[in-house]
Amino acid sequence: MEDDIDAEVRDDLDRWAAEGIEFIGRDGPRQFPVTRAEALDRQQHFVVHRLPHFGRPDEMVARDPWLAHSGLSTSFNLGLLEPLPAVRQVEEEYRAGHAPLSSVERFVRQVVGWRDYLWHLYWYLDAGYPAGSHSPGRSSSLPEWFATLDADSVHARCLSSALAAVRDRGWAHHAVRQAVLGNYAVQRGWRPTDMVDWFQRAFVDGQEWAMIGNVAGMTRHAELGSVTTEAHAVSGTHVNRTSDFCGGCRYDPKQRVGADACPFTGGYLAYLHRTRERLHGNVRMTRALKQLAQIPDIREIVTQEHARGDRAPSEGPASAVRKDPDPKRAELPRCPRWSGPSLPRPHPPRGRRAHT
Ligand SMILES: Cc1cc2nc3c(=O)[nH]c(=O)nc-3n(C[C@H](O)[C@H](O)[C@H](O)COP(=O)(O)OP(=O)(O)OC[C@H]3O[C@@H](n4cnc5c(N)ncnc54)[C@H](O)[C@@H]3O)c2cc1C
Ligand code: SF4
């Protein structure tokens, strides 16, 4: 898909790197559209191949980072595509019987709902907003291994895989950004402004307007409740429920203390403990705080997570993986990858499907 302009850009990047400018991430073939024609082709590719499966976007699957996601955020953000015509096309697919209502509804909600809502919220709230965000409990800067995408130094499979995705593609889908990357940063108490800066710079679709709602708001719970009323921190058991990462990890999502304790499970409980006074009275956190009060070994967990601190979770050999007795999601459909309009790739025949 790459052309002469890509080659020129690559030359410039190589020259700047040689002159001492430091970049994060690995160079690789371009995976996102940069022209209107490419963007339209990718939209068409999504509509034909992925839209019918779009109803399950909260899942995380190690072997398939794209799943049924559209990969259209960069095209919307660069102005190569307009959200409304994209939504109209998707609606037409439903009316023509090519895609189920659940998938179409979900896409419409993502674009007209979340994207538009957060865009307008940004202008409504004032552009300088994240800088003044408050921060519950401790507040520290991002550690080097996380900031520089050093996936190889991390043995927690979910986190290593998420950092590798950003390192290699500059992109990971929503659940990975939220439940893995954002979640770990929240649990460790990393500064909201540092997280905003990192998310904006490390991702191909990084945009200032998307930071207030997604990072300062939903992920960091640091914007005083205009986007969300609860903290979006989750434990390793949640990651296990929504992904197939844990089956091949050297940690155990059910263990909260000890050598195999999952850093997300221990980290979640330590986070709740640290912020319990601030979260007290928040009705959406009542259940979580009640459960916290029943954890007998909370002191031990807090001590353990304090000792783990901001270091990369890498205790023990990465190879010491547990065998998953119940490998999940093997049956997920594999969506073909978009490889650019210049490569011939026939779309499948568009017969009317029997979706309800
Ligand atoms: C911590 C965090 C940071 C994020 N930063 C950005 C960002 O800088 N720029 C950005 O465009 N999106 C951001 N998002 C939202 C969302 O994760 C990406 O838009 C999406 O993953 C892009 O992949 P996709 O195009 O395949 O999305 P799909 O899953 O195919 O969704 C379709 C479209 O819906 C829109 N959309 C869905 N959810 C959101 C949302 N919460 N906010 C904004 N748009 C949404 C996007 O335009 C996306 O292309 C962020 C989410 C999180 C949790
Ligand atoms: S066990 Fe914990 S660290 Fe390992 S993949 Fe699962 S959630 Fe991540």
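Here is a tour of the ligand site, a pocket and the cavities, in that order.

**Stop 1: the ligand**

Keep in mind that this is a predicted model. Start by selecting ligand 1 and the residues around it. There are 29 of them, and His-69, Ser-70, Gly-71, Asp-205 and Asn-214 come nearest.

Now zoom in on Ser-70. An N or O atom in its side chain sits 2.6 Å from an oxygen atom of ligand 1. Next, click on Ser-73: here a backbone N or O atom is 2.9 Å from a ligand oxygen. Then pick Gln-110, where a backbone N or O atom lies 3.5 Å from a nitrogen atom of ligand 1.

How much of the ligand does the protein cover? On its own, ligand 1 has 820 Å² of accessible area, and the protein covers 99% of that.

Switch to a cartoon view and colour the helices. Helix 3 (73–77), helix 5 (101–125), helix 8 (174–188) and helix 10 (208–219) are the elements that each give two or more residues to the shell around ligand 1. If you colour that shell by class instead, you get 13 nonpolar, 13 polar and 3 charged residues.

Why does ligand 1 lie between two domains? Colour domain 1 (30–125) and domain 2 (137–308) separately: both give residues to the shell, so the ligand lies between them.

**Stop 2: the second largest pocket**

Which helix gives the most to it? That's helix 1, with 7 residues.

Colour the lining of this second largest pocket by class and you'll find 17 nonpolar, 9 polar and 13 charged residues. With the domain colours on, you can see that domain 1 (30–125) and domain 2 (137–308) each supply at least three residues to the lining of this pocket.

**Stop 3: the cavities**

How many cavities of 30 Å³ or more does a search of the whole structure find? It finds 2.

Go to the largest cavity, which holds about 110 Å³ of space. To get there, select Cys-158, Cys-246, Cys-249, Tyr-251 and Cys-262, the closest to its centre among the 14 residues that line it. Helix 7, helix 11 (236–242) and helix 12 (263–279) are the elements that each give two or more residues to the lining of the largest cavity. By class, that lining has 11 nonpolar, 1 polar and 2 charged residues.

Finally, visit the second largest cavity, with a volume of about 30 Å³. Select Arg-42, His-45, Phe-46, Arg-50, His-69, Ser-70 and Trp-338 to show its lining. By class, the lining of this second largest cavity has 2 nonpolar, 3 polar and 2 charged residues.

Key. Residues are numbered from 1 along each chain as its sequence is written. Chains are lettered from A and ligands numbered from 1 in the order in which they are written. This is a predicted model: local features need pLDDT of at least 70, side-chain atom pairs count only at pLDDT 80 or more; totals for chains, interfaces and linings use all residues. Side-chain values use heavy atoms; hydrogens and water are left out. A residue is near a molecule or strand if one of its heavy atoms lies within 4 Å of it. A polar contact is a pair of N or O atoms within 3.5 Å; within protein, one must be able to donate a hydrogen and the other to accept it, and residues adjacent in sequence count only if both atoms are side-chain atoms. Accessible areas come from the Shrake-Rupley method with a 1.4 Å probe; for residues, only the protein chains shown count as cover. Helices (H or I, at least four residues) and strands (E, at least two) are DSSP runs, numbered from the N terminus. Ala, Val, Leu, Ile, Met, Phe, Trp, Tyr, Cys and Pro count as nonpolar, Asp, Glu, Lys and Arg as charged, and the others, Gly among them, as polar. Domain bounds come from an automatic or database domain assignment. On a 1 Å grid over the protein atoms alone, a cavity is a set of points where a 1.4 Å probe fits but cannot get out, and a pocket is an open set with protein on both sides within 12 Å along at least five of seven lines; lining residues have an atom within 4 Å of a point. Grid points are joined across faces, edges and corners, and a volume is the space filled by probe spheres set on the points.
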